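I open this notebook to record what I looked up in one protein model. The entries follow the order in which I worked.

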Amino acid sequence: MTTVTVLGAGYVGLTTAACLAYLGHQVHAIDIDIARVRRLASGHIDFLEPGLPEMIRYYQQAGQLTISNTAWRPLTSSEAVFICLPTPAQPDGRADMTAIDAAIPQLRDHLAPGGQVVLKSTVPPGTHRRLTAALARNDIAVVSNPEFLREGSAVQDWLHPDRVILGSDAPDHSRRVADLYHNITAPIVHTDPTSAELIKYAANTFLALKITYGNMLAELCEHLGANSTDVRTGLGHDPRIGYQYLQSGPGWGGPCLPKDTRALLAVGEQSSADLGLIKALIHANTHHQHRIVTLLDQLLPGPLAGARIGILGLAFKPGTSDVRDSPALPIISALAARQAKVTAYDPAVTNPVPGLTDHITHASDAAAALTGCDAALLVTEWPQFAHLPWRTLARAMRGNTVLDTRGHLDADEATRAGLRVHVLGKSSWPQPDLQLVRARGSKPA
Ligand code: UDX
């Protein structure tokens, strides 16, 4: 058993702390947010993450995990310190390193001789070397070890990673961190620190690229009268391509993909490398988000101004209450700018959403969101939306338009209930030209 400190009790830090305890280590988690630490002490976790609250409670009660806000003291007795501090985007896209920089003096002064600093936060390439220089402690090993945790399956991803990346200039340093992960079966990639840091940005940007490619094909399918699900299946059978991250939707969002894509672009702009592809990617994602509003406008028989839109889902994906950079935000803002009236329901998002408070009415369930609306718009594919009582809902709706951005609703049942369902990437109405639908007042045949 090793004594470990985890700096930061956000979703990466808490997951790391709980999983390190699960591996048998003695763990101290530190967070400067006193209110958050108090909530954690009473067993409350600020975000939805399956399995994590139970693990946190269990290891706290077992005395194997402590969470505090004051204690730099644990550092002196820890053999390893995992840095899981936030690196949010600045307005220009660069990562804000304030939290990590603020921790450096304490690490320098309190780290036990021979200790290890494990850099888990997502950071710009070059951070490891800058941190090592700032620490100015030759007796300490600094190792880059980026995380690849998805919200909603963070514990599973931590305990069963696809790979473990260890970046350091000394193989011995990386091996010591690998020892902390005993019992984790995964390929280990030993590399230099800068490559390790770049791998994280490159992975998230590649996922974003792949999703955007799927969204581009979906848009094309609508114009050609093709079926994007079949196209995806046809592509996915090729193991060089694969099925995952080609599911069309209202653009990618969340706390990681948008932030890391912009951060990679910012890194590129400081060099002479041509990152035009990333610029195009960000532009395309904005297009795919705004396209939802354009499509809705085309599908509605009447004007968007004054129309009532019932939105299903606000979180950036199901299984989380996180609305950071959720595609729902720009879509709802654009709808509000066009004077549409929005009622929304999300099973996990019940508090007011920053920036949207004036634009939406929160409904208590899907039926309440859709009652009296001219169009239903599915944004987040929560499992409970897959089988809604469309016969009842159709009677409660004022109009008959349904736009399913995820191909998730029971479109057959909704159609049988008399609704006109458009699924992104499919031409479900008599086509070929959606422009025909634009003719105001005339519903498509
Ligand atoms: C992502 C990475 O997957 C993870 O490895 C990294 O550590 C953190 O960032 P996360 O932000 O939790 O994880 O979300 P993810 O499940 O990857 O989804 C990101 C976005 O892409 C969501 O908005 C999701 O709806 C969208 N998406 C995903 C699609 O639109 N289509 C897909 O096929 C897959």
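This is a predicted model: local features need pLDDT of at least 70, side-chain atom pairs count only at pLDDT 80 or more; totals for chains, interfaces and linings use all residues.

**Entry 1**

I began with Arg36, which is partly exposed at a relative accessible area of 24%.

Which residue forms a salt bridge with Arg36? I found Asp31, with the closest N and O atoms 3.3 Å apart. A salt bridge here is a side-chain nitrogen of Lys or Arg within 4 Å of a carboxyl oxygen of Asp or Glu. In general, side chains of opposite charge can pair when their charged atoms come close. Asp31 is buried, with a relative accessible area of 8%.

**Entry 2. Around Ser68**

I placed Ser68 in strand S3, residues 65-68. Helices (H or I, at least four residues) and strands (E, at least two) are DSSP runs, numbered from the N terminus. Ser68 touches Ala29, Ile30, Asp31 and Val37, leaving aside residues up to four places away in sequence; contact means heavy atoms within 4.5 Å.

**Entry 3. Thr3**

Is Thr3 buried or exposed? I recorded it as buried, at 18% relative accessibility. Thr3 is found in strand S1, residues 3-7. I listed its contacts beyond four places in sequence as Gln26, His28, Ser77, Ser78, Glu79 and Ala80.

**Entry 4. Further salt bridges**

How many salt bridges does the structure hold? I noted 21. One of them joins the side chains of Asp260 and Lys259, at 3.0 Å from N to O. Asp260 is buried, with a relative accessible area of 1%, and Lys259 is buried as well, at 16%.

Another salt bridge links Arg338 and Asp297, whose closest N and O atoms are 2.9 Å apart. Arg338 lies in the loop between H13 and S10 and Asp297 in helix H12 (residues 276-299), so the pair ties together parts that are 41 residues apart in sequence. I found Arg338 partly exposed, at a relative accessible area of 36%, whereas Asp297 is buried, at 7%.

**Entry 5. Positive phi values**

I turned next to backbone angles. Gln339 has a phi near 65 degrees, a positive value in a residue other than glycine. Gln339 sits in the loop between helix H13 (328-337) and strand S10 (341-345), and is exposed, with a relative accessible area of 52%.

Ala136 also has a positive phi, near 50 degrees, and is a residue other than glycine. I located Ala136 in the loop between helix H6 (127-135) and strand S6 (141-144). Ala136 is exposed, with a relative accessible area of 58%.

**Entry 6. The two domains**

Last, I looked up how the chain is divided: domain 1 covers 3-190 and domain 2 covers 206-423. These bounds come from an automatic or database domain assignment. The centres of the two domains, taken over C-alpha atoms, are 33 Å apart. Their contact takes 17 residues from domain 1 and 19 residues from domain 2.

What area is buried between domain 1 and domain 2? I noted about 1,200 Å², of which carbon and sulfur atoms give 52%. Buried area is the accessible area (1.4 Å probe) that two parts lose on being put together, summed over both. On the side of domain 1, Leu48, Gly93 and Glu151 lose the most area to domain 2, together 43% of what that side buries.

The count between the domains is one salt bridge. I also recorded that Glu151 forms a salt bridge with Arg324, the closest N and O atoms being 3.6 Å apart.

Conventions:
Residues are numbered from 1 along each chain as its sequence is written. Side-chain values use heavy atoms; hydrogens and water are left out. Buried means under 20% relative accessible area, exposed over 50%, partly exposed in between (1.4 Å probe, protein chains only).
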